[in-house]
Amino acid sequence: MKTHPEGSASTRKPPKVRQRRLSDRARLSRQQLERRLALSVGEEARSARMRAGLTQADVAERIGIAAEVYGRMERGKMMPSVPTLFRLCLALRLSADVGMGLVTAVSVGAGLWEEDSREKDHLPEMRRLLRTLRRMSRGQLKLVNQVATAILPQR
């Protein structure tokens, strides 16, 4: 009977070609998973945005990103970072589980968004006004507040 020295056939590594194939398969499945996740986040974000009657610019402003970047996210071309996903879920009243495709429907409590529940906040005119106000200096805001107070009917 022959004895096998260390490094015998039973302890040799598989050929590199086989390792490369497995690596390509693993990468492909990871890419497919990430693509599906990006599409799911985008589809759910778009659906929630449409239900809320918001534009892409409205949502982008609320979560602090450029409208073009938000558009790419909504089309499934890119994934948001975790903090951006968190802000997106808050802005759209969207459960992260639903957004990532882990569940199909979740009832999200209104506790986090009670301050947004007023009907006027959802009007396009109000959203445009808020976008404009956010770009103003402190002095300009004081002036606009004085004008708005002056034109409101007295109670």
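A: Start with a pair of side chains. The side chain of arginine 49 makes a polar contact with the side chain of glutamate 74, at 2.7 Å. The model is a predicted one. Arginine 49 sits in helix α1, which covers residues 16–52. Arginine 49 counts as buried, because its relative accessibility is 6% and the cut-off for buried is under 20%. Leave aside its neighbours within four places in sequence. Arginine 49 is then in contact with Leu54, Thr55, Gln56, Val59, Tyr70, Glu74 and Leu92.

In α2, Asp58, Val59, Ala60 and Ile63 are buried.

Take the packing of α2 against helix α3 next. Helix α3 spans residues 67–74. The axes of α2 and α3 come within 8 Å and cross at roughly 105°. The two helices are therefore roughly perpendicular to each other. On the α2 side, the contact is made by Gln56, Ala57, Val59, Ala60 and Ile63. On the α3 side, Ala67, Tyr70, Gly71, Met73 and Glu74 make the contact. By class, the residues where α2 meets α3 divide into seven nonpolar, two polar and one charged.

Now look just after α2. There, glycine 64 takes a positive phi of about 80°. Ile63, one of the buried residues of α2, is touched by threonine 84. Threonine 84 also touches Ile65 and Met73, not counting residues up to four places away in sequence. The place of threonine 84 is in helix α4, residues 82–92. Threonine 84 is buried too, with a relative accessible area of 10%.

The crossing of α2 and α6 is left-handed. From α2, Asp58, Glu61 and Arg62 make the contact. From α6, the contact residues are Arg127, Leu130, Arg131 and Arg134. By class, the contact of α2 with α6 has one nonpolar, no polar and six charged residues.

Aspartate 58 is buried, with a relative accessible area of 4%. Not counting residues up to four places away in sequence, aspartate 58 touches Arg127 and Arg131. How far apart are aspartate 58 and leucine 130 in sequence and in space? They are 72 residues apart in sequence and 9.9 Å apart in space, C-alpha to C-alpha.

Step back to the chain. There are seven helices and zero strands. Of the 155 residues, 21% count as buried. Take the contacts between residues at least 6 apart in sequence. Of these, 54% join residues at least 24 apart.

Technical notes. Residues numbered from 1 in each chain as written. Predicted model: local features only at pLDDT ≥ 70, side-chain atom pairs only at ≥ 80, totals over all residues. Heavy atoms only, no water. Left-handed = near helix turned anticlockwise from the far one by under 90°. Helix = DSSP H or I, 4+ residues; strand = E, 2+ residues; numbered from the N terminus. Contact = heavy atoms within 4.5 Å. Nonpolar A, V, L, I, M, F, W, Y, C, P; charged D, E, K, R; others polar. Buried < 20%, exposed > 50% of the residue type's maximum accessible area, 1.4 Å probe, protein only. Polar contact = N/O pair within 3.5 Å; in protein donor to acceptor, adjacent residues only side chain to side chain. Axes fitted to C-alpha atoms, helices over the stretch in contact; angles between N-to-C directions. Parallel < 35°, antiparallel > 145°, perpendicular 65-115°, else oblique.
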